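Here is a short briefing on a protein structure. Look over the sequence and the model first, then work through the points below.

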Amino acid sequence: MATAAHRAARTHTDTDGPAGDTALTTAYQVAFDAAVAADERIEPRDWMPDAYRSTLVRQIAQHAHSEIIGMQPEANWITRAPSLRRKAILMAKVQDEAGHGLYLYSAAETLGTGRDELLDKLHSGRQKYSSIFNYPTLTWADVGAIGWLVDGAAITNQVPLCRCSYGPYARAMVRICKEESFHQRQGYELLLALSRGTPEQHEMAQDAVNRWWWPSLMMFGPPDDESQHSTQSMAWKIKRHSNDELRQRFVDICVPQAESLGLTLPDPELRWNEERGHHDFGPIDWAEFRQVLKGNGPCNEQRIDQRRRAHEEGAWVREAAAAYAAKHTTEADSEAGAERA
Amino acid sequence: MTAPTASTAPVAALALGDDALVLSHRLGEWAGHAPVLEEEVALANIALDLLGQARLLLSMAGDEDELAYLREERAFRNVQLVEQPNGDFAHTIARQLYFSTYQRLLYGQLAAGDTEFAGLAAKAVKEVAYHQDHAEQWTLRLGDGTADSHERMQRACTALWRFTGEMFQPVEGLDGVDWEGLRAVWRKSVEGVLGRATLTVPEGPQSGAWTAGAGRQGLHTEPFGRMLAEMQHLHRSHPGASW
């Protein structure tokens, strides 16, 4: 936390005289508020309100979990990709997602939690991941729809996070967004190839868009009047725009893209509203959204089971690595000790 | 084609290309199942390197997609080692240790030679050095880790041993490769790693009951057909489509 905040903190403690704990905390709070107001970055060693810390842990962890669980629906098609070029692109993408998960767990760890603890919470259902990954990838075109729509929605959500008030998260997002926009273009290009391909391929692409459109709109979260964390997150500048604003932005971006893809969006109420300067769109099925969040989506169980199984079946590997490291660290230490003696 | 080796080059390109293609596919099956996130990244990375090599090599022999997706099992020229199912992490690592050590030595020789593979091998050998290092590090950790991991790693090394001899069958079109020398250096290298990992070098023949060089002649093991069925299904369902 830089200058403005420190100035504020100093001024506050000075005027309060000899600082007791309460006065000090108040001073820290003032410094924090000043830093946020001045658009400065909060860094790991800075004081921050407990609720700010726990909100960030929750959000960053959920984001990391989404990258990891999000590998599954796409990895489902790696072994069946229809050309070697597409297979290479898909493998690289799934690899990037594992990398994004790693950045994000690191960012969360700067807040005083550990990756093991977070994974444990994911595996036991105490922390969530994005609802979108509970939908199945049924055809090859789903890989393109995920790239275009799901990554597109993620980017719309995440670009403002590059200016988020918490430094480590903002910096992780800068790196992640670059790779995500690359994936999104590749997804679009995959769909374009299908749309312009044989009638069967075109049909496959349209069917995938029909299935992924509404779940993608749900990725922006509940409507503004039902969003429990929004107001506080916006005050803290973790969030910069409301769910509904971002959702509208996404719809406005997608409509012309769908047109140039030669595909339709499955919403009879979708039309340009001259007055608002935006597209109007039909109602989202929030009952479905709540069901998916509650664990009753098509793949919730399967996704968590696979994650848990990979973790459990990998336990002996992690134990071996730890045992080897312990043995060889000790040996290296005693050798070094012997040399010194 | 003007190169004097033109008539035999496709055989060699297919052999090396199929090795890389098939092993890449097997490693791709790990995505989302690895024991730690770092291994998700590492295994996908190796799979991608191999797929890149496969694409270059198959393109030397014809159309990469036609060759990958429209050949039947009997027309594939990869060694049987790379088609072996992933098994547990120890099996995957043992397969990777045996194969990457071979590939590094072979590409080293090819890079120094003057066949049309020299350029490709010079680039690939850098990737393969990384693969070999990764496999060695894990062989050490698993072999010299816990009692359980030691036993699993030993079992994996032993189970795959009989597929290793095939790698040293001369490949038509790879002129100037000293296959017996390759085998000796390979054995020394693998013995060294296994020794440091407190593992025993497997005994018994380095080839199964099949003719030596079976995979190179299109004679494969049962799991391979199933692997191809999955790999080729979508492509074959849409004849002539482009993706």
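This is a predicted model. Chain B and chain A bury about 4000 Å² between them. The largest pocket has a volume of about 1300 Å³. A search of the whole structure also finds three cavities of 30 Å³ or more.

**Where the chains meet**

- The contact draws 47 residues from chain B and 45 residues from chain A.
- Of the area buried between chain B and chain A, 67% is on carbon and sulfur atoms.
- On the chain B side, Leu37(B), Leu234(B) and Trp243(B) lose the most area to chain A. Together these residues account for 19% of what that side buries.
- Across the interface of chain B and chain A, the rule finds two salt bridges.
- A salt bridge joins the side chains of Lys327(A) and Asp144(B), at 3.0 Å from N to O.
- Polar contacts also cross the interface of chain B and chain A: 16 residue pairs are found, both residues being at pLDDT 80 or more.
- Several helices of chain B give two or more residues to the side that touches chain A, among them H1 (9–28), H2 (37–61), H5 (89–112) and H6 (118–143).
- H2(B) gives the largest share of that side, eleven residues.
- By class, the side of chain B that touches chain A has 23 nonpolar, twelve polar and twelve charged residues.

**The largest pocket**

- The largest pocket is lined by 50 residues.
- Gln62(A), Asn157(A), Met219(A), Phe220(A) and Gly221(A) lie nearest its centre.
- Six helices of chain A each supply at least two lining residues: H3 (50–69), H7 (141–158), H8 (167–195), H10 (230–235), H11 (243–261) and H12 (286–296).
- H3(A) gives the largest share of the lining of the largest pocket, seven residues.
- The lining of the largest pocket has 18 nonpolar, 20 polar and twelve charged residues.

**The second largest pocket**

- The second largest pocket has a volume of about 290 Å³.
- Its lining is made of 18 residues. Nearest the centre lie Gly125(A), Tyr129(A), Gly295(A), Asn300(A) and Ile304(A).
- In chain A, helix H6 (115–123), H12 and helix H13 (300–313) each supply at least two residues of the lining of the second largest pocket.
- H13(A) provides the largest share of the lining of the second largest pocket, five residues.
- By class, the lining of the second largest pocket divides into five nonpolar, eight polar and five charged residues.

**The largest cavity**

- The largest cavity holds about 100 Å³ of space.
- Its lining residues include Glu74(A), Arg86(A), Lys93(A), Trp140(A), His183(A) and Leu190(A).
- H5, H7 and H8 of chain A each give two or more residues to the lining of the largest cavity.
- The lining of the largest cavity divides into five nonpolar, four polar and three charged residues.

**The second largest cavity**

- The second largest cavity has a volume of about 70 Å³.
- Which chains line the second largest cavity? Residues of chain A and chain B do, including Ile78(A), Met91(A), Leu27(B) and Trp30(B).
- H5 of chain A, with H1 and H2 of chain B, each supply at least two residues of the lining of the second largest cavity.
- H2(B) gives the largest share of the lining of the second largest cavity, four residues.
- The lining of the second largest cavity has nine nonpolar, two polar and one charged residues by class.

**Salt bridges**

- Over all chains, the structure holds 27 salt bridges.
- Arg86(A) pairs with Glu189(A) in a salt bridge, with the closest N and O atoms 3.0 Å apart.
- What does this pair tie together? Arg86(A) lies in helix H5 (residues 84–109) of chain A and Glu189(A) in helix H8 of chain A, so the pair ties together parts that are 103 residues apart in sequence.

Terms used:
Residues numbered from 1 in each chain as written. Chains lettered and ligands numbered in written order. Heavy atoms only, no water. 1 Å grid on protein atoms, 1.4 Å probe; cavity = no way out; pocket = protein on both sides within 12 Å on 5 of 7 lines; lining within 4 Å. Points joined across faces, edges and corners; volume = space filled by probe spheres on them. Nonpolar A, V, L, I, M, F, W, Y, C, P; charged D, E, K, R; others polar. Contact = heavy atoms within 4.5 Å. Buried area = accessible area lost by both parts, 1.4 Å probe. Salt bridge = Lys/Arg side-chain N within 4 Å of Asp/Glu carboxyl O. Polar contact = N/O pair within 3.5 Å; in protein donor to acceptor, adjacent residues only side chain to side chain.
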